[in-house]
Amino acid sequence: MNNAQWLDEVKFNEQGLIPAIAQHHQSGRVLMVAWMNREALALTAEKNQAVYFSRSRNKLWHKGEESGHFQTVHEIRLDCDADVIVLQIEQHGGIACHTGRESCFYRKLTPNGWEIVDAQLKDPSAIYGEKSTNPHTLAMEASTAQSEQVEVLSYLGQMMAERKQADPDSSYVAKLYHKGLNKILEKVGEESFEAVLAAKDFDQDASADHKNDLIYEVADLWFHTIVMLGYFDLDVQLVLNELARRQGLSGLVEKANRQH
(Lines give C-alpha, C1' and ligand atoms only; values in the text may rest on other atoms or scores of the structure.)
Protein backbone atom coordinates (compact mmCIF):
# COMPACT_ATOMS: atom_id res chain seq x y z
CA MET A 1 0.00 0.00 0.00
CA ASN A 2 1.44 3.38 -0.95
CA ASN A 3 1.69 6.41 1.33
CA ALA A 4 -1.36 8.13 -0.11
CA GLN A 5 -3.62 5.18 0.73
CA TRP A 6 -2.77 4.68 4.39
CA LEU A 7 -2.25 8.38 5.09
CA ASP A 8 -5.69 9.15 3.68
CA GLU A 9 -7.20 7.06 6.48
CA VAL A 10 -5.66 9.32 9.14
CA LYS A 11 -7.89 12.14 10.42
CA PHE A 12 -5.72 15.23 10.79
CA ASN A 13 -7.32 18.22 12.53
CA GLU A 14 -8.13 21.56 10.91
CA GLN A 15 -4.48 22.60 11.29
CA GLY A 16 -3.41 19.44 9.48
CA LEU A 17 -2.02 17.88 12.67
CA ILE A 18 -2.56 14.75 14.74
CA PRO A 19 -1.35 14.07 18.32
CA ALA A 20 1.32 11.38 18.58
CA ILE A 21 2.02 9.51 21.81
CA ALA A 22 5.51 8.04 22.19
CA GLN A 23 5.47 4.89 24.33
CA HIS A 24 8.45 2.75 25.33
CA HIS A 25 8.23 -0.44 23.28
CA GLN A 26 9.26 -2.67 26.22
CA SER A 27 8.05 -1.06 29.45
CA GLY A 28 4.92 0.50 27.95
CA ARG A 29 5.62 3.79 29.73
CA VAL A 30 4.32 6.92 28.00
CA LEU A 31 7.36 9.11 27.37
CA MET A 32 5.99 12.15 25.55
CA VAL A 33 3.21 13.57 23.40
CA ALA A 34 3.87 15.71 20.33
CA TRP A 35 2.23 16.59 17.02
CA MET A 36 2.65 15.28 13.49
CA ASN A 37 1.52 16.57 10.15
CA ARG A 38 1.12 14.35 7.09
CA GLU A 39 4.76 14.73 6.05
CA ALA A 40 6.09 14.00 9.55
CA LEU A 41 4.03 10.81 9.80
CA ALA A 42 5.15 9.68 6.35
CA LEU A 43 8.82 10.33 7.20
CA THR A 44 8.46 8.50 10.53
CA ALA A 45 7.15 5.42 8.73
CA GLU A 46 9.84 5.68 6.07
CA LYS A 47 12.83 6.24 8.37
CA ASN A 48 11.66 4.24 11.41
CA GLN A 49 12.67 7.26 13.47
CA ALA A 50 10.25 9.70 15.10
CA VAL A 51 9.73 12.92 13.17
CA TYR A 52 7.28 15.42 14.63
CA PHE A 53 5.95 18.84 13.69
CA SER A 54 7.01 21.70 15.96
CA ARG A 55 4.18 24.20 16.31
CA SER A 56 6.45 26.78 17.98
CA ARG A 57 8.92 26.69 15.08
CA ASN A 58 6.37 25.80 12.39
CA LYS A 59 8.64 23.14 10.91
CA LEU A 60 9.42 19.44 10.96
CA TRP A 61 11.28 18.29 14.06
CA HIS A 62 13.39 15.15 13.89
CA LYS A 63 13.43 14.07 17.53
CA GLY A 64 17.04 14.04 18.73
CA GLU A 65 18.37 16.46 16.11
CA GLU A 66 19.66 18.75 18.89
CA SER A 67 19.87 16.45 21.91
CA GLY A 68 21.04 13.26 20.22
CA HIS A 69 18.14 11.45 21.90
CA PHE A 70 16.67 9.89 18.77
CA GLN A 71 13.64 7.61 18.87
CA THR A 72 13.69 4.37 16.89
CA VAL A 73 10.13 3.44 15.94
CA HIS A 74 9.21 -0.23 16.27
CA GLU A 75 5.50 0.12 15.58
CA ILE A 76 2.93 2.75 14.62
CA ARG A 77 -0.69 2.42 15.72
CA LEU A 78 -3.83 4.40 14.95
CA ASP A 79 -6.76 4.62 17.39
CA CYS A 80 -10.38 3.66 16.67
CA ASP A 81 -11.34 7.22 15.66
CA ALA A 82 -8.24 7.51 13.47
CA ASP A 83 -7.28 10.80 15.15
CA VAL A 84 -4.48 9.75 17.55
CA ILE A 85 -1.18 8.03 16.77
CA VAL A 86 0.79 5.82 19.17
CA LEU A 87 4.46 5.15 18.46
CA GLN A 88 6.13 2.15 20.09
CA ILE A 89 9.68 3.46 20.37
CA GLU A 90 13.16 2.81 21.68
CA GLN A 91 14.42 5.98 23.36
CA HIS A 92 18.12 6.52 22.71
CA GLY A 93 19.95 7.99 25.69
CA GLY A 94 17.04 7.08 27.96
CA ILE A 95 15.82 10.70 27.98
CA ALA A 96 12.68 11.85 26.15
CA CYS A 97 11.90 15.02 28.12
CA HIS A 98 13.58 18.39 27.60
CA THR A 99 13.99 18.64 31.39
CA GLY A 100 16.49 15.78 31.28
CA ARG A 101 14.09 13.10 32.52
CA GLU A 102 13.06 9.78 31.01
CA SER A 103 9.46 10.88 30.51
CA CYS A 104 7.68 14.21 30.13
CA PHE A 105 5.09 12.83 32.58
CA TYR A 106 7.23 13.17 35.70
CA ARG A 107 4.64 14.87 37.93
CA LYS A 108 2.07 12.88 39.93
CA LEU A 109 -1.11 14.23 41.48
CA THR A 110 -1.09 13.89 45.27
CA PRO A 111 -3.39 15.30 47.98
CA ASN A 112 -1.02 18.29 48.11
CA GLY A 113 -1.03 18.91 44.36
CA TRP A 114 1.44 17.98 41.62
CA GLU A 115 4.57 16.30 42.96
CA ILE A 116 7.76 15.66 40.97
CA VAL A 117 8.45 11.93 41.26
CA ASP A 118 11.10 11.27 38.58
CA ALA A 119 14.75 12.18 38.97
CA GLN A 120 16.50 14.42 36.47
CA LEU A 121 18.98 12.21 34.63
CA LYS A 122 20.91 15.01 32.95
CA ASP A 123 21.11 18.80 33.16
CA PRO A 124 19.37 20.33 30.09
CA SER A 125 22.27 22.76 29.60
CA ALA A 126 24.54 19.75 29.10
CA ILE A 127 22.10 18.38 26.52
CA TYR A 128 21.28 21.48 24.48
CA GLY A 129 24.21 23.78 25.29
CA GLU A 130 24.13 26.86 27.50
CA LYS A 131 24.13 29.38 24.64
CA SER A 132 21.51 27.94 22.33
CA THR A 133 19.53 30.59 20.44
CA ASN A 134 16.87 28.20 19.17
CA PRO A 135 13.47 29.53 20.36
CA HIS A 136 12.24 26.00 21.10
CA THR A 137 15.32 25.26 23.22
CA LEU A 138 15.10 28.59 25.05
CA ALA A 139 11.46 27.90 25.90
CA MET A 140 12.41 24.47 27.20
CA GLU A 141 15.18 25.94 29.38
CA ALA A 142 12.76 28.51 30.80
CA SER A 143 10.30 25.74 31.65
CA THR A 144 13.06 23.75 33.35
CA ALA A 145 14.16 26.76 35.40
CA GLN A 146 10.57 27.36 36.49
CA SER A 147 10.22 23.73 37.60
CA GLU A 148 13.45 23.95 39.60
CA GLN A 149 12.22 27.11 41.36
CA VAL A 150 9.00 25.36 42.36
CA GLU A 151 11.09 22.45 43.64
CA VAL A 152 13.01 24.84 45.93
CA LEU A 153 9.77 26.04 47.52
CA SER A 154 8.49 22.49 47.88
CA TYR A 155 11.78 21.45 49.48
CA LEU A 156 11.51 24.28 52.01
CA GLY A 157 8.01 23.12 52.89
CA GLN A 158 9.25 19.58 53.47
CA MET A 159 12.16 20.87 55.54
CA MET A 160 9.77 22.70 57.89
CA ALA A 161 7.95 19.47 58.70
CA GLU A 162 11.27 17.86 59.65
CA ARG A 163 12.50 20.81 61.73
CA LYS A 164 9.29 20.92 63.79
CA GLN A 165 10.30 17.65 65.42
CA ALA A 166 13.98 18.53 65.80
CA ASP A 167 15.94 19.64 68.86
CA PRO A 168 15.47 23.43 69.33
CA ASP A 169 19.24 23.84 69.55
CA SER A 170 19.80 22.06 66.23
CA SER A 171 18.66 24.87 63.91
CA TYR A 172 17.16 28.34 63.66
CA VAL A 173 13.84 26.98 62.35
CA ALA A 174 13.58 24.34 65.09
CA LYS A 175 14.13 27.09 67.67
CA LEU A 176 11.35 29.21 66.12
CA TYR A 177 8.91 26.30 66.29
CA HIS A 178 9.90 25.65 69.89
CA LYS A 179 9.13 29.28 70.82
CA GLY A 180 5.64 29.00 69.33
CA LEU A 181 3.28 30.80 66.98
CA ASN A 182 3.61 34.28 68.48
CA LYS A 183 7.36 34.30 67.88
CA ILE A 184 6.88 33.09 64.30
CA LEU A 185 4.27 35.80 63.63
CA GLU A 186 6.57 38.38 65.17
CA LYS A 187 9.26 37.38 62.66
CA VAL A 188 6.79 37.51 59.74
CA GLY A 189 5.78 41.03 60.78
CA GLU A 190 9.40 42.08 61.21
CA GLU A 191 10.41 40.75 57.79
CA SER A 192 7.35 42.37 56.17
CA PHE A 193 8.36 45.76 57.57
CA GLU A 194 11.96 45.31 56.43
CA ALA A 195 10.78 44.37 52.93
CA VAL A 196 8.66 47.54 52.81
CA LEU A 197 11.64 49.69 53.88
CA ALA A 198 13.86 48.01 51.27
CA ALA A 199 11.26 48.70 48.58
CA LYS A 200 11.10 52.38 49.59
CA ASP A 201 14.90 52.62 49.47
CA PHE A 202 15.01 51.01 46.03
CA ASP A 203 12.30 53.38 44.80
CA GLN A 204 14.40 56.36 45.91
CA ASP A 205 17.68 54.99 44.59
CA ALA A 206 17.59 52.09 42.11
CA SER A 207 21.19 51.09 42.82
CA ALA A 208 22.50 47.53 42.69
CA ASP A 209 22.89 47.52 46.48
CA HIS A 210 19.28 48.54 47.09
CA LYS A 211 18.10 46.02 44.51
CA ASN A 212 19.99 43.24 46.30
CA ASP A 213 18.65 44.42 49.66
CA LEU A 214 15.08 44.23 48.38
CA ILE A 215 15.56 40.73 46.98
CA TYR A 216 17.20 39.61 50.24
CA GLU A 217 14.38 40.99 52.41
CA VAL A 218 11.65 39.48 50.23
CA ALA A 219 13.44 36.12 50.43
CA ASP A 220 13.45 36.45 54.23
CA LEU A 221 9.74 37.26 54.19
CA TRP A 222 8.89 34.28 51.99
CA PHE A 223 11.00 32.01 54.17
CA HIS A 224 9.26 33.03 57.38
CA THR A 225 5.79 32.73 55.85
CA ILE A 226 6.71 29.15 54.89
CA VAL A 227 7.73 28.60 58.52
CA MET A 228 4.31 29.93 59.52
CA LEU A 229 2.53 27.56 57.13
CA GLY A 230 4.57 24.70 58.56
CA TYR A 231 3.35 25.55 62.06
CA PHE A 232 -0.17 24.69 60.88
CA ASP A 233 1.04 21.65 58.87
CA LEU A 234 0.03 23.39 55.64
CA ASP A 235 2.10 22.41 52.61
CA VAL A 236 3.55 25.25 50.53
CA GLN A 237 2.18 23.43 47.47
CA LEU A 238 -1.31 24.57 48.52
CA VAL A 239 -0.22 28.19 48.02
CA LEU A 240 1.37 27.34 44.66
CA ASN A 241 -1.88 25.65 43.62
CA GLU A 242 -3.86 28.76 44.59
CA LEU A 243 -1.52 31.00 42.59
CA ALA A 244 -1.87 28.67 39.61
CA ARG A 245 -5.67 28.82 39.94
CA ARG A 246 -5.58 32.61 39.86
CA GLN A 247 -3.67 32.73 36.59
CA GLY A 248 -6.94 32.41 34.73
CA LEU A 249 -8.60 35.22 36.72
CA SER A 250 -8.15 38.97 36.51
CA GLY A 251 -7.31 40.80 39.73
CA LEU A 252 -10.76 42.38 39.87
CA VAL A 253 -12.53 39.04 39.44
CA GLU A 254 -10.35 37.43 42.10
CA LYS A 255 -11.09 40.24 44.56
CA ALA A 256 -14.82 40.01 43.87
CA ASN A 257 -14.78 36.25 44.45
CA ARG A 258 -13.12 36.69 47.85
CA GLN A 259 -15.76 39.21 48.95
CA HIS A 260 -18.63 36.74 48.52
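Colleague: Which residues touch the most other members of the largest nonpolar core?

Modeller: This is a predicted model, and its largest nonpolar core holds 22 residues. Strands E1, E2, E3 and E6, together with helix H2, each supply at least two residues of this core. The members that touch the most others are Met32, Met36, Leu41, Tyr52, Ile85, Leu87 and Ile89.

Colleague: Which residues does Ile85 touch, not counting those up to four places away in sequence?

Modeller: Ile85 lies in the range of strand E6 (85–91), and its contacts include Leu41, Ile76, Arg77 and Leu78.

Colleague: Which strands stand at the edges of the open sheet?

Modeller: Four strands form this sheet with mixed pairing, in the order E2-E1-E6-E5, and E1 and E6 run parallel, joined by five bridges.

Colleague: How far from the sulfur of Cys104 is the nearest cysteine sulfur?

Modeller: The structure holds zero disulfides, and Cys104 is partly exposed, with a relative accessible area of 29%. A disulfide would need the two sulfur atoms within 2.5 Å, whereas the nearest cysteine sulfur to that of Cys104 belongs to Cys97 and is away by 3.8 Å.

Definitions and conventions. Residues are numbered from 1 along each chain as its sequence is written. This is a predicted model: local features need pLDDT of at least 70, side-chain atom pairs count only at pLDDT 80 or more; totals for chains, interfaces and linings use all residues. Side-chain values use heavy atoms; hydrogens and water are left out. A nonpolar core is a set of buried Ala, Val, Leu, Ile, Met, Phe, Trp, Tyr and Cys residues joined through side-chain atoms within 4.5 Å. Buried means under 20% relative accessible area, exposed over 50%, partly exposed in between (1.4 Å probe, protein chains only). Contact means heavy atoms within 4.5 Å. Two strands pair if DSSP finds at least two bridges between them.
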